[in-house]
Amino acid sequence: GLHNAEGALFAVAGIGLYRVRSDASVEFIAEIPGAGRVSMAHNQITGGNVLVVANGFAAYTYNTATNEFAKIADEGFPGARVVDFVDGYIAFTEPAGRFWGHSELVQAGEYNTLDRYEAESAPDKIVGLIVSHREVIVGGERTTEIFRNTGAATGTFQRADGTEMERGWASPWAVARLDNTVYWLGNDGIVYRLEGYQPVRVSTTPIEQDLSRRRLSLAFAFTFESRGH
């Protein structure tokens with residue numbers, strides 16, 4: 001995993017969490033157990049940020065102001081496969097895909113069991129989530145739906161009617177923000193771009209034929225820009 005927290009670059013390699021400095025030197029911070037991909041997000045606090053690292057079954061916080069590292073031990077936190085940031089909250093997906101939820105406001109290590117949400121448009125398991133334009137896009141095995149912040153004290157996010165899509169995600173990691181929208185690898189082996197609330201095919205037939213021979217559940221996505229492209 002790799003994450004930029006307000007100019008501070010953090011990386012997970014092997015079982016180590018590292019900070020990569022501007023002179024390319026590397027500082028070891030702590031151990032992150034596990035062998036799979038990690039997901040990272042951060043929120044802002046006085047004097048710095050709190051980085052959250054999810055390894056698929058647990059999550060850890062690192063305070064850049066105090067250099068404190070800890071495992072999230074709140075009883076309301078079930079572990080996380082994927083994390084992201086929205087409106088001061090850390091959003092997460094539960095490891096088994098039963099529901100997604102979020103932290104307390106500006107409290108990356110505190111959670112309430114009332115702040116959990118299940119898939120509503122179809123009963124498929126949740127694969128992952130990503131935040132775009134303050135909306136939480138929740139991808140399931142066969143469908144995708146979008147939640148918005150309603151401002152309520154509990155049950156803060158509600159599904160946005162009319163945004164349901166009958167196309168799921170192939171992998172928690174094969175989704176990325178790019179060009180003011182979101183791209184993902186669908187459960188049918190096709191790469192989609194979100195236009196409004198509709199998935200639009202962007203991959204070509206040769207690419208899709210190649211993808212059909214792969215384990216799509218292990219796919220991951222990243223973006224880069226070169227000369228405006």
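The model is predicted: local features need pLDDT of at least 70, side-chain atom pairs count only at pLDDT 80 or more, and totals for chains, interfaces and linings use all residues. Residues are numbered from 1 along each chain as its sequence is written, and side-chain values use heavy atoms, with hydrogens and water left out. Helices (H or I, at least four residues) and strands (E, at least two) are DSSP runs numbered from the N terminus.

**Aromatic pairs**

- The whole structure holds 13 aromatic pairs, meaning rings of Phe, Tyr and Trp (its six-membered ring) with centres within 6.5 Å; planes under 30 degrees apart are stacked, over 60 edge-to-face and the rest tilted.
- One of these pairs is Phe77 with Phe92, edge-to-face at 5.4 Å centre to centre with 65 degrees between the planes.
- Phe77 sits in the loop between strand 8 (69-71) and strand 9 (82-86), and Phe92 sits 15 residues away in strand 10 (residues 89-93), so the pair links distant parts of the chain.
- Phe77 is buried because its relative accessibility is 11%, and Phe92 is buried because its value is 1%; buried means under 20% relative accessible area, exposed over 50% and partly exposed in between (1.4 Å probe, protein chains only).
- Tyr117 and Phe157 are edge-to-face because their ring centres are 6.4 Å apart and their planes stand at 80 degrees.
- Tyr117 belongs to strand 12 (residues 107-117) and Phe157 to strand 16 (residues 157-159), so this pair ties together parts 40 residues apart in sequence.
- Tyr117 is buried at 6% relative accessibility, and Phe157 is buried at 0%.
- Tyr117 and Phe157 also belong to one aromatic cluster with Tyr89, Trp100 and Phe147.

**Around Phe220 and Phe224**

- Arg37 lies over the face of Phe220, 4.1 Å from the ring centre; the cut-offs are NZ of Lys or CZ of Arg within 6 Å of the ring centre and within 35 degrees of the ring normal.
- Phe224 is in the segment after helix 1 (205-211) and counts as exposed because its relative accessibility is 62%.
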